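This report covers the sheet, the helices packed with it, and the ligand shell of one model.

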Amino acid sequence: MGVNLYNQERNLDPAAHEALTKIEKPKKRIVYICSPFAGDVDGNTIRARRFGRFAASENAIPIIPHLMYPQFLEEDDPEERKLGMQMGLELLRKCQELWAFGNQLSTGMAVEVKKAKQWKIPIRYFTTDCRETGEFQLRNEKECFAYRKGRCKILAIEKCQGASCSFLKTEAEAAEGRKKALNRILSLDKETQEWIINKYYKGNMSLLEEGSE
Ligand code: SF4
């Protein structure tokens, strides 16, 4: 029920009305939802929706870039992924809190948490079933499918960038990503398939096939 604009004596009382309205409706916080995306993209998308719903039920306004940018950016294209990360970080700057979900930080999440700490944005940690918990830790770069004795076999760099690298994926996540990419490409018309294979996979479809069903 709304707050009455008139006081008990039936006189118009806008000051009291404004004060009572503020008490009745606490200001909603804009909250950045930080959760895994790469790897199990379908499962992580379903979970991110759940986290958004939870945040909304907690009187927050959730911002979830990884439910928005994959609608028009290609996750498997390093340049587009980087662009998505940059835009997400600009949104993070405008948020009042960051809520991290899961049990460990993926590399993308680690970048977001690091920036939130740098920008003094309060951080809260939750399990995947939305129970508040303590801070969880960064993944280890040695888990990365591309890691070979301190070197990286996929990026054009000499030395591995370490656990905060935004391209860190486990072998299982990399295989899942290849499988998803292949299935997406196979759903397109032949001409588009050839264009993508030539542009991103050096004309060699077998680079993806080890991850296919
Ligand atoms: S630089 Fe990144 S992608 Fe390459 S091995 Fe290290 S963590 Fe993995």
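How many bridges join strand 1 to strand 2, and do they run parallel or antiparallel? Four bridges join strand 1 (residues 29–34) to strand 2 (residues 60–63), and the two run parallel.

## Basis

This is a predicted model, in which local features need pLDDT of at least 70, side-chain atom pairs count only at pLDDT 80 or more, and totals for chains, interfaces and linings use all residues. Residues are numbered from 1 along each chain as its sequence is written.

## Sheet

Helices (H or I, at least four residues) and strands (E, at least two) are DSSP runs numbered from the N terminus. Strands pair if DSSP finds at least two bridges between them. Five strands form an open sheet in the order 2-1-3-4-5, with mixed pairing. Strand 2 and strand 5 (132–133) are at the edges with a single partner strand each, so one side of each has no neighbour in the sheet.

## Helix packing

Helix 5 (residues 107–118) packs on the sheet and touches strand 1, strand 3 and strand 4 (123–126). Contact means C-beta atoms, placed from the backbone, within 7 Å. The direction of helix 5 makes about 150° with that of strand 3 (axes fitted to C-alpha atoms, for helices over the stretch in contact; angles from 0 to 180 degrees between N-to-C directions).

## Ligand shell

Residues around the ligand (C-beta atom, placed from the backbone, within 6 Å) include Glu141, Tyr147, Gln161 and Phe167.

Conventions. Two residues are in contact if their C-beta atoms, placed from the backbone, lie within 7 Å.
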